Structures are given as C-alpha cells and as structure tokens.
Amino acid sequence: MTSTTEQGTTVAGAAPDTATLRALHERLVARAQHDGLLDVAYRVVDSPLGGVLVAAGERGVLRVAFAVQGHDAALADLATRVSPRVLEGGSRLDPVLRELDEYFAGTRRTFDVPLDLRLARGFRRDVLAALPRVGYGATASYGQVAASVGRPAAVRAVGTACALNPVPVLLPCHRVVRADGTPGRYAGGDDAKSALIAWERGGSGPLDPHAGRA
C-alpha cells in the first residue's frame with residue numbers, strides 16, 4: 001500500500017487517514033444506493049437525549065433507537081428482519097435528520113417524512129397509527145388510546161405497542177401516559193419522557209434534557 005504526502009511523495013505502507021477513509025466510505029454508500037444495493041442506511045447522531053440511531057429504507061424511516069436501547073442490537077434486528085445490506089451513511093437520511101434537528105430546536109411540531117412501519121404488525125400497527133392524533137403539547141392515557149382504536153380493554157397491549165414503537169419521537173409514544181397523569185415508562189428512559197412532555201408543554205425554545213426531572 002502507498003500514500004501521497006502533502007509534498008507529493010509516496011510513502012510505502014502508510015495507512016490512509018480518517019478523512020480519506022470517510023470519503024471512500026461515502027463513495028461506497030453513494031454507489032450502493034445508486035445501484036439499488038443499499039436496503040438500510042443508518043446514522044448515529046447527537047441529540048439533546050443523547051446519541052440516536054436513525055435508519056431508513058427506500059420506502060421511509062424504519063428505526064429510531066436511543067443509546068439506552070443499544071444501537072448494535074437495533075442494527076442486528078434490522079439486518080435480521082429487513083435486510084443484511086445495511087450501511088452507515090447515505091443521502092436518504094438527510095430529510096429525517098433535518099426534521100429531527102428542527103424538532104429538537106423547537107421549530108417543528110409535526111413530521112412529514114415517510115415512515116416504513118414493517119417492523120410493527122396487527123394491533124401494534126393500529127396503535128402507532130393513532131399516536132399522531134395526540135398533538136404536540138398534549139397527552140393521552142393508555143386507556144384513551146386503546147378506546148380510540150376500538151379496543152378499550154387493551155390497555156396493556158397499548159403499553160406494549162408504545163414500548164416497541166420502532167420510530168419514537170417521529171410517532172410520539174412519549175405523549176401516552178398513565179391514567180393518573182404520570183408519564184410511565186419510555187424506551188429512551190423515563191427522564192427523557194418527562195423531559196419531552198414538559199418541553200412540549202412549554203411551547204418554545206430548544207429541548208432542555210433536564211426539564212421535567214424531579
């Protein structure tokens with residue numbers, strides 16, 4: 001292996017630097033996407049709630065996973081249930097990352113990017129479809145969501161559907177709370193759920209991840 005220094009000389013055995021490797025990787029991803037060989041593209045990005053993995057297929061966003069859920073586990077699940085052709089990067093993620101940035105900055109209240117909900121089926125899919133009806137700054141109980149999808153007794157099943165929501169934040173399961181108004185559990189952590197609810201109710205400004213904590 002050879003490389004070229006700033007002076008133009010070639011050094012045998014020198015390893016490519018990080019920028020070169022990144023550029024080569026981006027070219028690989030772009031070519032795979034162009035040739036229809038990129039089934040799942042993902043990135044891990046910073047957010048006020050910590051590192052968030054966002055993955056998308058050709059039809060839309062497949063997965064949003066918080067660090068506490070395990071990014072490696074999320075990628076392994078995608079490789080098993082969607083396709084093993086998973087690569088980091090790709091321009092198809094640009095729209096959803098832009099909308100997430102706007103949301104966390106306090107300038108967006110709804111999401112427009114297409115979603116691919118193939119990871120949810122049956123009743124869980126019905127629950128996910130109902131979540132956007134719980135508007136920004138509002139909450140609904142698990143029982144209210146169960147009633148809204150025609151299964152008023154399925155309160156626990158609604159909780160399970162929210163816990164397994166493949167695209168939290170984009171589909172706002174954080175707005176579904178216990179009957180007594182307390183937040184309940186959340187895939188991104190209980191503190192994150194409290195912070196999101198308190199921040200949305202506040203109505204303006206970027207998310208403070210410490211808001212809503214006791």
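Q: How many salt bridges does a search of the whole structure find?
A: In general, side chains of opposite charge can pair when their charged atoms come close. This is a predicted model. Searching the whole structure turns up 10 salt bridges.

Q: Take R85 and D39. What is the N to O distance in their salt bridge?
A: The side chains of R85 and D39 meet at 2.9 Å, N to O.

Q: What are the relative accessible areas of the two partners, R85 and D39?
A: R85 has 38%. D39 has 22%. The cut-off for buried is under 20%, and exposed needs over 50%. R85 is therefore partly exposed.

Q: Which residue forms a salt bridge with R59?
A: D116 does. The closest N and O atoms are 3.5 Å apart. R59 lies in the loop between β4 and β5. D116 lies in the loop between α3 (94-104) and α4 (122-130). The pair therefore ties together parts that are 57 residues apart in sequence.

Q: Is R59 buried or exposed, and is D116 buried or exposed?
A: R59 is exposed, at 55% relative accessible area. D116 is buried, at 4%.

Q: Now R108. Which residue does its side chain meet in a salt bridge at 3.7 Å?
A: The partner is E99, with the distance taken N to O. R108 counts as buried, at 17% relative accessibility. E99 counts as buried too, at 9%.

Q: Which residues do salt bridges that share partners join into one network?
A: E99, E102, R108 and D112. Shared partners make them one network.

Q: Turn to the strands. In what sense do β4 and β5 pair, and over how many bridges?
A: Strand β4 (residues 52-57) and β5 pair in the antiparallel sense. The pairing runs over six bridges. A56 stands opposite V61 in β5.

Q: How many residues lie between β4 and β5 in the hairpin they form?
A: Two residues lie between them. R59, the partner of D116, is in this loop.

Q: How many residues of strand β5 are buried?
A: In a regular strand the side chains alternate between the two faces of the sheet. Strand β5 spans residues 60-66 and is mostly covered. Seven of its seven residues are buried.

Technical notes. Residues numbered from 1 in each chain as written. Predicted model: local features only at pLDDT ≥ 70, side-chain atom pairs only at ≥ 80, totals over all residues. Heavy atoms only, no water. Buried < 20%, exposed > 50% of the residue type's maximum accessible area, 1.4 Å probe, protein only. Helix = DSSP H or I, 4+ residues; strand = E, 2+ residues; numbered from the N terminus. Pairing = 2+ DSSP bridges. Salt bridge = Lys/Arg side-chain N within 4 Å of Asp/Glu carboxyl O.
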